[in-house]
Number of protein chains: 2
Amino acid sequence: VTAAPMTTSLPASALRAMEHVQGVRLIRMQRELATFGGRADGGVSREALTATELAARQWLCSLCTGPQYQWYVDDAANLIVRRQGSNPALAPVMTGSHIDTQPVGGWLDGAYGVVAGLEALHALDDAGVTTQRAIEVVAWTNEEGSRFSPGAMGSSAFSDPARLPAFLAAQDAHGERFENARNAALQATPAAQRIALGHPVHAYIEAHIEQGPVMENSGHSLGIVTAIQGVRWYEVTVHGSSAHAGTTPLAVRQDALLSAANMVSQLGVAANERGDEALRCTVGRFEVAPGSINTIADRVTFSVDVRHPRDSELDAMQALLHEVLARHRGACTYEVRVLMQRAPTVFDGRVLAVLEAASRATGTSHCHIGSGAFHDAMYLADSCPAAMLFVPSKKGISHNAGEDTDPADLIAGARALAAALVALAET
Amino acid sequence: VTAAPMTTSLPASALRAMEHVQGVRLIRMQRELATFGGRADGGVSREALTATELAARQWLCSLCTGPQYQWYVDDAANLIVRRQGSNPALAPVMTGSHIDTQPVGGWLDGAYGVVAGLEALHALDDAGVTTQRAIEVVAWTNEEGSRFSPGAMGSSAFSDPARLPAFLAAQDAHGERFENARNAALQATPAAQRIALGHPVHAYIEAHIEQGPVMENSGHSLGIVTAIQGVRWYEVTVHGSSAHAGTTPLAVRQDALLSAANMVSQLGVAANERGDEALRCTVGRFEVAPGSINTIADRVTFSVDVRHPRDSELDAMQALLHEVLARHRGACTYEVRVLMQRAPTVFDGRVLAVLEAASRATGTSHCHIGSGAFHDAMYLADSCPAAMLFVPSKKGISHNAGEDTDPADLIAGARALAAALVALAET
């Protein structure tokens, strides 16, 4: 899908910043950040607020030390560097992402958005540009949610500070409280001034890898993310009756596993029949009791993960799920529980227009795309105009040591980001 | 299915033995045996060769102590009591089953066949009958296989003593060797003489609960078991490709869970379409990796348990399984492994004819039936004429504390067993 031409024009300072992005410097920073928790297989293990992640935070602080810079850290341990603008009365433009990873993650997920933002600041320095608004680069705390649940704590608390107390009480698998880990992070970056959580932001842009195969398959280097899909998680429990596999005739069985397999199979057919490229429907968990070769199962619990950029389609899929399940009422009983739901996030039209103009200015091919994964930008969009910029993921691989992106695409993303940030900071 | 009338007539001594079966004594013995490992919920926990099971063995030895009795124990710790016949040159007739249970089992599985045999011996004593052949009642070691694998070690080693060395090396979950547990059993019954494993047997009858709902549903008190189904166990492993549930379009997925659910669902349809009451086809295990709500599964392993009294039908189902799996070759890759197979056991026509006559003599309704479960008789049938006699299981429940049988049916079974044993022992 190619968007209708937009007429937003970029200020000359935006183009100058873009031209001063240095690919070599960007990739070097990216590779150096990957040494914090780097693995022999090319992956990165740098979970939120571990000693490894705190060391990476200290290294970040060493990258911007001139008089135009001030580092901040807030009550959620979000780490922010501000490059001063000419008018301190105006709210800053913000970019960034996260530097925490899954237990075994890739070198780009999150980290790219932080490094690309820092490279934009360096490009501004080299170009001698002072923007009207300050520009901030942020590393949000605990986006992945693998160590402390839920994920995106930092951006979520930034958008609504009332969420912080519940997050502080969260514990990791070893019983360590998030609050203690947060305190260690506050102490790890003494050069960063404390700042209140949730200061006003003029606009937010997050650069990120796609984590899916759409852009690679369509051959685009830049993806302007118009929305983050809404998601609903269901848990279906199917009840049968446990009995001996050898002695119980097929006709008298209440086989929870067979009923559940029929449900999953028919849900798969129904989802495919909608012929909707934007629809996602996944059964990823399927647990059987008692789970013995020669015993008919009396209970199966399976998950259903449904995603779509439009809430109306999520409603339609929910109705379809109930319809498919109801077909099996004769063979078993079941319950459905909603585990989680989040409405789609539609990004801001003005920020998207700026990203469109910046992408055109880079001269690389770009597309509009929806995000299938959650991102910190989802929470920022609740409190300020926001949007995202994707670069492709090779083979769509992410949350995996094999995660990678062509360096040319990483550089194109940083160029577009620099131009867009300056354009927003001059308004 | 009602069998064609058989003309076997019972000797008068068989009828006299039958008339001396005492229901009250039978049920009392059965309940007393259930106190060894008895649970508050009515179930029994008496795994093979545990201290509880050894105490039950000692108690068994106390039940037959007259000069006509001799207890024996063999190298597999099978515990046997022989009631002398008038002609010591003739091979004995044997009956029995096992007294070990599942970790949580019922009060009748196995135990009933031993107790009904002992009651037949008591009835012979009361009737003053001396048969030509000796009659033996045996408690086979480790039928259930829940503590030491495989099951039916005692009867299997009796039928083929060459199997014993491998069994002796088996270990339970705590690393205890079967050999050590066996040695403790040999010492627990000092009154029992050591006997060589696998002595000649003229004929073997095993009484057992059905462990399925067929007889209760058809309203019969006695089931003459003509065959034990053959069984084949398969393990199917389906390979897909792990990916993010939110970012990966439906069209490009290799979803191992969806493919496996389709396979299981279609196998269920195909099995039902055969319209064969004797066919059993069960998927009882279904294990997913990584098993995360928001990750497309890259591996599913599921089991298939197929049973039928005819080998040709097992062959047909195997072909059908491969046909169903092959339909999904485009969506995933898979392998199939045969975990276990055992051909059907067809019981001996002469023993069946005697059971038919004995069942008629009791005046209760009886039917012919196949066994869906394995039993010690399966191994005995390899080395002597053998058959089984079933009594119904309420609601088909077994391997469960709720296992039960109407006392009238238990008594009818003991009466038929006594008559059949005497008839065989007089030939």
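Figure 1. The pLDDT of chain A averages 95, and 98% of the residues reach at least 70. Residues 1-6 of chain A have a pLDDT below 50. Beyond near neighbours in sequence, this stretch makes six contacts in the model. Where pLDDT is low, the predicted coordinates should not be read in detail. For the complex, the predictor gives an ipTM of 0.82 and a pTM of 0.81.

**Figure 2. The loop around A:Gln171.**

**Figure 3. Contacts of A:Gln171.** Once neighbours within four places in sequence are set aside, A:Gln171 is in contact with A:Arg147, A:Phe148, A:Glu176 and A:Arg177. A:Phe148 is 23 residues away from A:Gln171 along the chain, and the C-alpha atoms of these two residues are 6.2 Å apart.

**Figure 4. Chain A and chain B about the rotation axis.** Two copies of a chain are related by a rotation about an axis and a shift along it. Here, chain B is superposed on chain A by a rotation of 180 degrees with 0.1 Å of shift along the axis, at an RMSD of 0.1 Å. This is the relation of a two-fold axis. Both copies use the same surface: 100% of the contact residues of chain B recur in chain A. Among the residues of chain B, B:Ala261 comes closest to the rotation axis, with its C-alpha at 2.3 Å.

How values were computed
Residues numbered from 1 in each chain as written. Chains lettered and ligands numbered in written order. Predicted model: local features only at pLDDT ≥ 70, side-chain atom pairs only at ≥ 80, totals over all residues. Heavy atoms only, no water. pLDDT = per-residue confidence, 0-100. Contact = heavy atoms within 4.5 Å. Helix = DSSP H or I, 4+ residues; strand = E, 2+ residues; numbered from the N terminus. Least-squares fit on C-alpha atoms with pLDDT ≥ 70 in both.
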